[in-house]
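Biologist: Hi! Could you walk me through this one?
Modeller: Happy to, let's take a look together.

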Amino acid sequence: MDAATGDGARPLVEAAQVSYVTSDEFTTVVDHLWLLICAFLVFLMQAGFAMLEVGTVRQKNAKNLMIKNIMDLAAGAFVWWAFGFAFAYGGGDYSGGPSNGFIGAQGFFFIKGYDACDDASEFCLYPIKPKYDSFAGWLFQWAFAATATTIVSGAVAERCSFLGYVIYAVFITGFIYPVVVHWIWSEYGWLSAFRNPDAPGVWIASGVVDFAGSGVVHLVGGTISLVAAYILGPRIGRFDATGKVVPIMPHNSAFVGLGTLLLWFGWFGFNSGSTLALSGGFILAAEKVAVGTTLAASGGGLAGICMCFVKDGYLDLPALCNGILGGLVGVCSAVAVAEPWACWVIGFFAGCVEFWFAIGVQKLKIDDPLDASAVHMGCGFFGLICGGLFGTRLNTDATYSADQPCGAFFPGCGGQQLGVNILGGVMIMVWCSGMAFLVFGGMRLAGILRISSKQEHEGLDVSYHGSAAYDDTMDGSGSAKYRNKVQRAMIAEEVEPPTE
Amino acid sequence: MENATDAIAAAPVPEFEATAYAEFSGIIDHLWLMIAAFLVFLMQAGFAMLETGTVRQKNAKNIMIKNVMDLVVGAFVWWGFGFPFAYGGGDYSGGPANGFIGAQGFFFINGYDSCEGGHPSECLYPIAPSIDSFAGWLFQWAFAATATTIVSGAVAERCSFIGYLVYATFITGFIYPVVVHWIWSPYGWLTAFRDPSIASGAWVSPGVVDFAGSSVVHMVGGCTALVAAAILGPRIGRFDANGNMKAFAPHNAAFVGLGTLILWFGWYGFNPGSTLALSGGFVLLAEKVAVGTTLAASGGGFAAILMCFIKYRHLDLPPLCNGILAGLVAVCSGVAVSEPWACFVIGLIGGLFEFWFAIAIQKMKIDDPLDAAAVHFGGGFIGMLCGGLFGSRINTTAAYSEDQPCGAFFGCGGSQFAVNLLAAVMVMIWSMGMGTIVFGAMRLAGILRISPEEESMGLDVSHHGGAAYDDGKNHDSSGFEK
């Protein structure tokens, strides 16, 4: 199609009046559009996780899980705007000095965060620094923060108090998670691969390779999950008198499957979007990452199928889904530096790790309803290890820099990246478990963490939220005064719930 | 003003950093492929919900497992050999490609088509455009997964686990890629994209107009589905002693509707994405295709409403959804060459054909729980015919080339119609033949179908450890199993 010349009757002089697009405008549009699209995709993972959680818990708590998932988006957006993003990516500190490697302090509620219009006014139209300090970057990072926080809801499901939930969600989105982001993804972090040479303080060269957050997002969420589930205690009846785990069926398998597929879909934004750009050749990296993401999900799913058959002789849906999710979590760290075949391998072994980690958690008598710690802590730490093993020189050059070491499995790369990644993983676990003990332990000591056993037997929907999630009234009227038949019967007969 | 040439010569040269066109088109076109791939991927969630909602409750978990699993298996198989069979150029002896099947790029080995050094381990990315990029692989994987998952609807509620694994591997890894090679690769004997400099062997000029896969995807899935359903046999109790069909109502109508809407949504990647580019004017084509897609869904829906009221005096949800889907399937072939009004008509025809084809299949005592064969084989076949009828000259030139004939209704003669019909028949023979071999062999080996006891218990309880739903009523008040 030849737009410039048009048909023969129009004068050619119009061609001279064509305007061109500057490189700046083109890259800005394309890169920010990419961030926006991927932010939307990562946001949609919340719907996926909501469906997965709702489907997995017992019917009497379905509405509660849905409320919590929606609520942590709402609360998280406020908290991330107020101080989460500022702690994570803030450049300075309020005295005007540069940021330290531990935590940022700039841009609370976006004030002083619009980094420089010409006259350093308080109120510029748009942030003008690229990548993180754009509104698109804030949105993208918010979606990640919401992911880290919502992981924990799976571990505390069915017995956590409402107040407890609000408090921990604020702490995670607002403090525990942003600090780790600052270490590993900001320009100032003491473990960052993106370190600004002028940043002050100690730096562990060459920084962690954690492209899309096996460590920053998933290990953070998973570690907190394990501690939270431990401090909270198991659901009533989860472990029988001999300490064996009593199996619990998801109340809606269709939701479990739908949730997993929505999560996989959103993961394309989670991983590919972490290029943060399409210009400058990053489009090719983004596609390759999308392929690696797909193969990791495949490997993880196959691991889930294999492990399930080996152990139980048949395949159930949660094992298949958790395998897929474990593979997706495990590949986040290495996906930009590993070849596609390596991503499949990482996914497969991450799926195996997930399966056995979950069993291990149960053997410790810790009740984790969604296996959140297995999927996110187990596979998150495993993912960091893989990030130090599978990176090729070519891929690492293309997505990081020539100074970033490649993976230990490749000749000539050495063990430096593996060492730094393991150090990063250990520090994340130390930080998150320490903070989680403080937060959850504090709440438990204050007696505000767990619901009562009566509420637990009735189910949170009826005891906290006014009515059951589903309407099984005989006449289908759905009238609010007709509660779930079981609860009605209990109320009518004044049946005492079984004691613990 | 002097003459035009002087004006151009006098025009100021821009003195700023401009973006090279190659970078611009590379980004835009690959981004488009990625977005479209993600959308087509999401159709799997739509189909999963549609299927889960349609089957009886005792098999809901099984169908969800199968839908998730065929994505997992399909990605591995497509990476391993599906994509190489479909788009691979040569053969391993270094010889030229043939028009039947490809053989290059297994597990991506030797598939990074040349950086300057030419050695795969020194290349970062495949550099040939469109198909041979990672974005192209992803987009094509999503299509392959679509073709495969169609069959799960026809074998629902009575197919064994091993049977499912075997046929999913065969379809994604062989039956489907071969058809792709014929019709969409530059080497295929039926392709409209034939590249004489690299292809060898017979070619049916000018190749098939099947823009988004009425035959390549939908007929492959639908024909295999029909054969599978026939060989597998009907669900117990589906046909009574007199051969009358008993209705099995969907166990969750909300899922049926949700699934259909997610499928329609993803179809915006499936059809418009098949431009494979936005630059060079293709964005305008992509938009027009999106409009045609919408109108076809509408036409199919209208057909369903009409037929339902004529035959049943009321409208039920599954027929409405199937009409919409059939319209979407039918328009895949000709959506880029047909005007929007023609897309509506194609959708309408597709919906009408699907309605009666489904009834005919039932009359043949074949039990197809999702009407997969009616929607995809029926809709796809009719779509192929329409692809040779409704193409206008301008659209065909813009979407294909000047050498591609337009449709018979538009004064271009019958050659496109004839080639499309030939392709449809060949795809039907290939898919039904391969389907017969695969499903027939499994049936003879006794591994295809579950036992009657398992079927009456339901696959969830017999195969997957327990029911899909647990409302706590059958257990103590804490909801745990005793």
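This is a predicted model: local features need pLDDT of at least 70, side-chain atom pairs count only at pLDDT 80 or more; totals for chains, interfaces and linings use all residues.

Biologist: Is B:Gln416 buried or exposed?
Modeller: B:Gln416 is buried, with a relative accessible area of 0%. Buried means under 20% relative accessible area, exposed over 50%, and partly exposed in between, using a 1.4 Å probe and protein chains only.

Biologist: Where is the place of B:Gln416?
Modeller: B:Gln416 belongs to helix H13 of chain B, residues 415–444. Helices (H or I, at least four residues) and strands (E, at least two) are DSSP runs, numbered from the N terminus.

Biologist: And what is B:Gln416 in contact with?
Modeller: Setting aside neighbours within four places in sequence, its contacts include B:Pro206, B:Gly207, B:Gln404 and B:Cys406. Contact means heavy atoms within 4.5 Å.

Biologist: Switching to H11(B), how many of its residues are buried?
Modeller: In H11(B), 16 of the 16 residues are buried, so this helix is largely enclosed by the rest of the structure. Helix H11 of chain B covers residues 372–387 and reaches 21 Å from its first C-alpha to its last, close to the 22 Å expected at 1.5 Å a residue. That expected span is 1.5 Å times one less than the number of residues.

Biologist: Now the two chains. How many residues does the contact take from each?
Modeller: Chain B gives 72 residues and chain A gives 78 residues.

Biologist: Which salt bridge is there between them?
Modeller: The count between chain B and chain A is one salt bridge, and the side chains of B:Lys61 and A:Asp316 form it at 2.8 Å, N to O. A salt bridge is a side-chain nitrogen of Lys or Arg within 4 Å of a carboxyl oxygen of Asp or Glu.

Biologist: Which helix supplies the largest share of chain B's side?
Modeller: H2(B) does, with 17 residues of the side of chain B that touches chain A.

Biologist: Last one, what does A:Leu73 touch?
Modeller: Not counting residues up to four places away in sequence, A:Leu73 touches A:Phe43, A:Gln46, A:Trp142 and A:Ala146. A:Leu73 is buried too, with a relative accessible area of 15%.

How values were computed
Residues are numbered from 1 along each chain as its sequence is written. Chains are lettered from A and ligands numbered from 1 in the order in which they are written. Side-chain values use heavy atoms; hydrogens and water are left out.
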